[in-house]
Amino acid sequence: MDECSFSEFLCQHECVNAPGSYYCVCPSGYNLLDDSRSCQDINECEIRNFTCTLQQTCFNIPGEYKCLDPVRCEEPYIQINENRCMCPAENPGCRDQPFTILYRVMDVLSGRSVPSDIFQMQATTRYPGAYYIFQIKSGNEGREFYMRQTGPISATLVMTRPVKGPRTVQLDLEMITVNTVINFRGSSVIRLRIFVSQYSF
């Protein structure tokens with residue numbers, strides 16, 4: 001008797017028929033839990049089972065891991081810390097560029113239910129007479145995300161369509177500062193890399 005053919009819910013990932021019984025298996029990068037049906041991600045970064053170089057950072061995502069290269073700022077930007085680049089105001093090449101670029105990474109499960117709030121963005125300082133505009137500057141060609149302003153100085157990145165993995169999405173999230181008192185307009189960017197897992201668990 002093939003128990004696997006009766007229900008697709010016997011196992012979280014894959015059901016294997018055996019004489020007189022069945023058993024569940026998990027994909028590579030997962031362990032089978034004690035309930036003998038559910039799969040749990042193996043955190044390769046935590047157990048130090050990875051092949052990243054000393055310069056790279058191990059970043060765990062469900063089912064696998066990524067080796068992240070250190071951030072390198074491109075001209076005319078200069079490095080402020082390990083994940084932030086700044087364009088000095090005195091440099092003429094910076095006139096139409098974002099003042100800072102902050103690099104961030106995160107992971108999302110494949111096929112996550114939508115709409116779903118996945119990332120927060122907020123101004124760190126508030127100036128008198130200034131207001132803030134939040135927008136997705138690039139990377140949203142499939143219109144899977146949008147920015148919802150949640151307050152005068154904050155916004156949330158919302159996933160509006162299910163994203164299937166494995167896939168890497170890079171979004172430039174821009175915060176524009178407009179100050180009508182001193183006639184100033186400037187921007188800063190969060191360059192967000194989203195690793196979408198292969199499986200939904």
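Glu 174 counts as buried, at 7% relative accessibility; the classes used here are buried for under 20% relative accessible area, exposed for over 50% and partly exposed in between, with a 1.4 Å probe and protein chains only. The model is predicted, so local features need pLDDT of at least 70 and side-chain atom pairs count only at pLDDT 80 or more, while totals for chains, interfaces and linings use all residues. Residues are numbered from 1 along each chain as its sequence is written, and side-chain values use heavy atoms, with hydrogens and water left out.

**Salt bridges**

Glu 174 forms a salt bridge with Lys 137. The term means a side-chain nitrogen of Lys or Arg within 4 Å of a carboxyl oxygen of Asp or Glu. Because Glu 174 lies in strand β14 and Lys 137 in strand β11, this pair ties together parts that are 37 residues apart in sequence. Lys 137 is partly exposed, with a relative accessible area of 44%.

The structure holds five salt bridges, among them the pairs in this table.

| Pair | Closest N to O |
|---|---|
| Glu 174 and Lys 137 | 3.8 Å |
| Glu 144 and Arg 167 | 3.0 Å |

Glu 144 and Arg 167 form a salt bridge. This pair links distant parts of the chain, 23 residues apart: Glu 144 is in the loop between β11 and β12 (145-151), and Arg 167 is in strand β14. Glu 144 is buried, with a relative accessible area of 12%, and Arg 167 is partly exposed at 34%. In the pair of Lys 66 and Glu 64, Lys 66 is partly exposed at 25% relative accessibility, and Glu 64 is partly exposed at 27%.

**The sheet**

Strands here are DSSP runs of E with at least two residues, and helices are runs of H or I with at least four, numbered from the N terminus. Two strands pair if DSSP finds at least two bridges between them. An open sheet with mixed pairing is formed by six strands in the order β7-β8-β9-β15-β14-β11. Its edge strands, β7 (78-81) and β11 (130-138), each pair on one side only. From one strand to the next the twist averages 25 degrees, where axes are lines fitted to C-alpha atoms and angles run from 0 to 180 degrees between N-to-C directions.

Strand β8 (residues 84-86) pairs with β9 in the antiparallel sense over three bridges, and Met 86 has Thr 100 in β9 as its bridge partner. Strands β9 (residues 100-108) and β15 (residues 184-196) run parallel and are joined by nine bridges; Val 105 is partnered there by Arg 193 in β15. Between β14 (residues 167-179) and β15, which run antiparallel, there are 13 bridges, and Thr 177 stands opposite Gly 186 in β15.

**The β14-β15 turn**

β14 and β15 form a hairpin with four residues between them, and Asn 183 in the turn has a positive phi of about 55 degrees. Ile 182 also lies in the loop between β14 and β15, and it is exposed, with a relative accessible area of 61%. Together with Val 181 and Phe 184, Ile 182 forms a nonpolar surface patch of about 330 Å² accessible area. Patches are made of residues with over 30% relative accessible area and no salt bridge, with like charges joined within 9 Å and nonpolar side chains (Val, Leu, Ile, Met, Phe, Trp, Tyr) within 5 Å. Accessible areas come from the Shrake-Rupley method with a 1.4 Å probe, and for residues only the protein chains shown count as cover.
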